[in-house]
Amino acid sequence: MTNLIPERKTSEEERFEDDYYSYFQAPENFTRYTPTSSFLDKIFEEKPFSLLDLGCGNGALCKYLPVRCDYLGVDHSELAIEECLKLYPNRNFVAKDLSLFLSQLVEKKQKFDAVVLAGLLFHSVDKETEEKKDDVEIIQFCLDKILNDKGYLAIVVPFAYGNHPSHNLFVRAKWLQNSVEKMLEISKAKIVHENISLQIGLDERVRQQKVIPDWFISDSNADYSSAFDGTYMATWTFIACPST
Ligand SMILES: C[S@@+](CC[C@H](N)C(=O)[O-])C[C@H]1O[C@@H](n2cnc3c(N)ncnc32)[C@H](O)[C@@H]1O
């Protein structure tokens with residue numbers, strides 16, 4: 001199967017500047033975050049737990065986390081972190097590249113009960129060079145060095161799909177499931193929970209934005225021959241723990 005991952009037309013910083021990512025905060029987008037927040041809320045019962053949100057964007061996950069969660073969001077976009085601090089003044093955020101930040105955590109021997117990678121896999125880049133980071137390396141590092149022994153890694157993979165045989169929900173969902181399961185297998189992680197959720201009605205909200213994301217096709221006669229076309233969004237959530 002051909003590569004179903006989109007080429008990004010703008011840098012992350014430009015996306016934050018022009019409001020491209022405001023749809024993360026839309027109520028219709030809640031299924032992107034709730035499978036993770038509900039799982040963690042249940043598994044840690046009434047107890048407090050620490051959570052590291054890598055590539056936190058505008059911090060939308062915070063909306064769905066219980067108050068007892070000790071949250072830390074990291075993103076290399078300074079604009080994103082400025083927005084986070086305005087939206088969620090009671091939570092902690094750091095503007096830094098994730099590789100640098102993770103190695104500093106190891107130096108300080110700081111670990112977390114949960115690490116979340118939401119919308120980060122396939123899109124993690126070096127800000128200066130735009131060079132892609134190795135997803136398996138990130139997963140492996142988090143499992144081995146950042147998670148507590150009884151910790152959980154949540155991988156949230158949002159994706160767009162359209163009404164075309166090679167871009168329909170089933171094809172894209174299956175391709176992503178295979179890709180992420182393979183990465184977790186290489187990293188010797190144990191998958192404890194999987195969920196796929198559709199974001200019904202998000203298309204309406206996207207139409208109202210200043211900037212329309214390039215995955216959004218408002219016309220059903222659109223040309224689906226390019227690599228990343230689709231009108232609807234869905235999200236895969238994978239929750240894994242270290243296998244030992
Ligand atoms: C698609 S957004 C997802 C935002 C958020 N996790 C969510 O799902 O609402 C990806 C985010 O990862 C950040 N990012 C990408 N590569 C990064 C890196 N190497 N270090 C830190 N942040 C990174 C981007 O700036 C962007 O905010």
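What percentage of the 244 residues in the chain is buried? Buried residues make up 39%, a residue being buried if 20 or more other C-beta atoms, placed from the backbone, lie within 10 Å of its own. The model is predicted: local features need pLDDT of at least 70, side-chain atom pairs count only at pLDDT 80 or more, and totals for chains, interfaces and linings use all residues. Numbering starts from 1 along each chain as its sequence is written.

**View 1. The open sheet of seven strands.** The strand order is β3-β2-β1-β4-β5-β7-β6, with mixed pairing; strands are DSSP E runs of at least two residues, numbered from the N terminus, and two of them pair if DSSP finds at least two bridges between them. β3 (92–95) and β6 (189–199) stand at the edges with a single partner strand each, so one side of each is left without a neighbour in the sheet.

**View 2. The pairing of β4 with β5.** Strands β4 (residues 112–118) and β5 (residues 147–161) run parallel and are joined by six bridges. The bridge partner of V116 in β5 is A154.

**View 3. Helix α5 (residues 135–146)****.** This helix, a DSSP run of H or I with at least four residues, has 12 residues and reaches 15 Å from its first C-alpha to its last. That span is close to the 16 Å expected at 1.5 Å a residue, taken as 1.5 Å times one less than the number of residues. Its buried residues are I138, I139, F141, C142, L143 and I146.

**View 4. The surroundings of the ligand.** The ligand is surrounded by 19 residues, each with its C-beta atom, placed from the backbone, within 6 Å of the molecule. The closest are G55, G57, L98, A118 and G119.

Terms used. A residue is buried if 20 or more other C-beta atoms lie within 10 Å of its own, exposed if 12 or fewer, and partly exposed in between; C-beta atoms are placed from the backbone.
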